[in-house]
Amino acid sequence: MPRLPLRWMLPALPLAFLAVVLLAPVLRLLDEGLAGAADVSWWALWQDDHLRWRVLWSFAQAAITCALALLLGLPLAWVLARLEFAGRGAVLRLLMLPFVVPTLVAALGVLSLWGPRGWLGEPLASAGFDLEGSPWLLLYGNLFFNLCLVVRAGVDALEQVSAARVGAARSLGASPWRAFWRVEWPAIAPWLASALCLVFLYCFSGFGLALILGGQRYATVEVEIYTLVAYELELGQAGVLAVWMLGLTGGVALAYAWIEKRLAAPGRITPVARRRPQGLGQWAAVAGALAVLGLVCAAPLLAIVGQAARALLWGQGGAVLLEPETGQALWNTLRFSAMALVLATALGLTHALAVRGLDVAGAARGASAARGGLALAWRAAAFLPFVVSPVTVAFGLLLLYPDWTASLGLLVAAYALLAYPFVAKSLTAALDGLPASYAQAAATLGASPWRVFWRVTLPLVSGALRRGMAFAAATALGEFAVSLFLSRPEWTTLTTLIYQRLGRPGAGNLDAALVLACVLMLLALLAFAGIEGKKDNRSHA
């Protein structure tokens, strides 16, 4: 690894970026909140029935999603980790696709399946079960996005369980169920807790799904902040509300970083071997797992494709593809995303290397409490963009840089801020599992720090880098909240164009939105598949 001066230079780029694009806007938002508190009490949101409901519902829908994701995800993970069946590899590869689908596409997919005109929603509405205006649509959308995270974390965790320990428990007379709870569950619980922290943050600070699926009754705090800023110009009240949200989510992010650090110890174990399903019960478990994944993760995507095909063939959706506005939105989406991806990759790479440098320095010199705290704090800094929601980021930038809010540089920087944690997280996990002896051996042979990086470190973590870039690209392509706040009218992207179409009356606009959503989904999937390349099973997404 680099010597001490370079080790301290590595965090300079992400630290300066976070200071300018995240920390300074948050401080400006705090100032706005303090100014707003002169007219709006800090406790006003708990005294106002409407605001209190928004906050409590935001917590409730995030917590319910976590509980449902764990309840469904743990059995699914066990089936995929312990049983070998035809198509298992394809299922694992396709498992993360819902996570890279833009939020507006996911929202339209949910509506295409369960909405008033949806494949399942229309017959249910005819039978008297109208799901519109119920919390089900938002909860299902949250589950569509986040179930894959819990399942993937569970699969990775179960593959880290020692076969020797499980075999020892069974040889002592433990039943499979008792061996799971006494041996496997304690080993995989931190992995699942880490994934559930992310699920909570994504759901609690989500904007696009809540805006489209929540309606007037079940919208979240993020939608309320956007409404206060964009429509009511209540900046003081919005600032107080945003500050509360920052405080409420900060603890979850710190818990996530601490859990991730506990998972960082590399080691060699012999995992439990997968086996072919035996008996009717195990085959039923495989069939049930595939059915749940199909209903939750695949059905919305298939529904939106079906609705878009219907709009193209028999509706009024085909004309939107030939409109100049669509071509301009496509070009804006591609160029903004490409610029943001370059910046996000540089930020994520330097951030992960800085974390590695602090960890190595602490291990070499005997980690003191202060040094260990610094390493943990810098590791947690990568998750700050998860803590500060896109709406809060955009609101803070709007307040701090009012003269630059229509500038291309600020828009791309905001995109990169929301995308780079995926690169940093993926690379940090890969570097944590990389034995330090590799770099030390190259250094003893005379290789300079940069040569060690290019010849040893980068090839070993290239798969993780591609995965992080793939998620970053998908995030930039589907970004919605930042575009609403900071974009010019001529900078309309596919996401904002879809939202505009949804806001206009008539079946033709809905058909156009469905077709545009299908185009955006195709772009995100192509970017993800093209960048990620060949699957590397040695590390997790």
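**Reading a predicted helical model**

Modeller: C66 counts as buried, at 13% relative accessibility. Buried is under 20% relative accessible area, exposed is over 50% and partly exposed lies in between, with a 1.4 Å probe and protein chains only. The model is predicted: local features need pLDDT of at least 70 and side-chain atom pairs count only at pLDDT 80 or more, while totals for chains, interfaces and linings use all residues. Residues are numbered from 1 along each chain as its sequence is written, and side-chain values use heavy atoms, with hydrogens and water left out.

Colleague: What is the mean pLDDT of the protein?

Modeller: pLDDT is the predictor's confidence in each residue, from 0 to 100. Here the mean is 81, and 84% of the residues reach 70 or more. Over residues 535-541 the pLDDT is below 50, although this stretch has 14 contacts in the model beyond near neighbours in sequence. A contact means heavy atoms within 4.5 Å. Where pLDDT is low, the predicted coordinates should not be read in detail.

Colleague: How many disulfides does the count come to?

Modeller: A disulfide is a pair of cysteine sulfur atoms within 2.5 Å. By that rule the count is 0. For C66, the closest cysteine sulfur is in C203, at 6.1 Å, which is too far for a bond. Another cysteine, C518, is also buried, at 19% relative accessibility.

Colleague: How many helices and strands does the secondary structure come to?

Modeller: Helices (H or I, at least four residues) and strands (E, at least two) are DSSP runs, numbered from the N terminus. The protein has 25 helices and 0 strands. Of its 541 residues, 53% count as buried. Among contacts with a separation of 6 or more, 83% come from residues 24 or more positions apart.

Colleague: At what angle do the axes of α4 and α15 cross?

Modeller: Two packed helices are described by the angle between their axes and the distance between the axes. Axes are lines fitted to C-alpha atoms, for helices over the stretch in contact, and angles run from 0 to 180 degrees between N-to-C directions. The axes of α4 (residues 49-82) and α15 (residues 279-313) come within 10 Å and cross at roughly 130 degrees. The contact is made by L72, L76 and V79 of α4 with A285, V286, A289, V292 and L293 of α15. An α-helix has 3.6 residues a turn, so residues three or four places apart point the same way. Angles under 35 degrees count as roughly parallel, over 145 as roughly antiparallel, 65 to 115 as roughly perpendicular and the rest as oblique. The pair α4 and α15 is therefore oblique.

Colleague: Is E224 buried or exposed?

Modeller: E224 is buried, at 9% relative accessibility. E224 belongs to helix α13 (residues 221-230), which is largely enclosed by the rest of the structure because 8 of its 10 residues are buried. Leaving aside neighbours within four places, E224 contacts H50, L51, R54 and L241.
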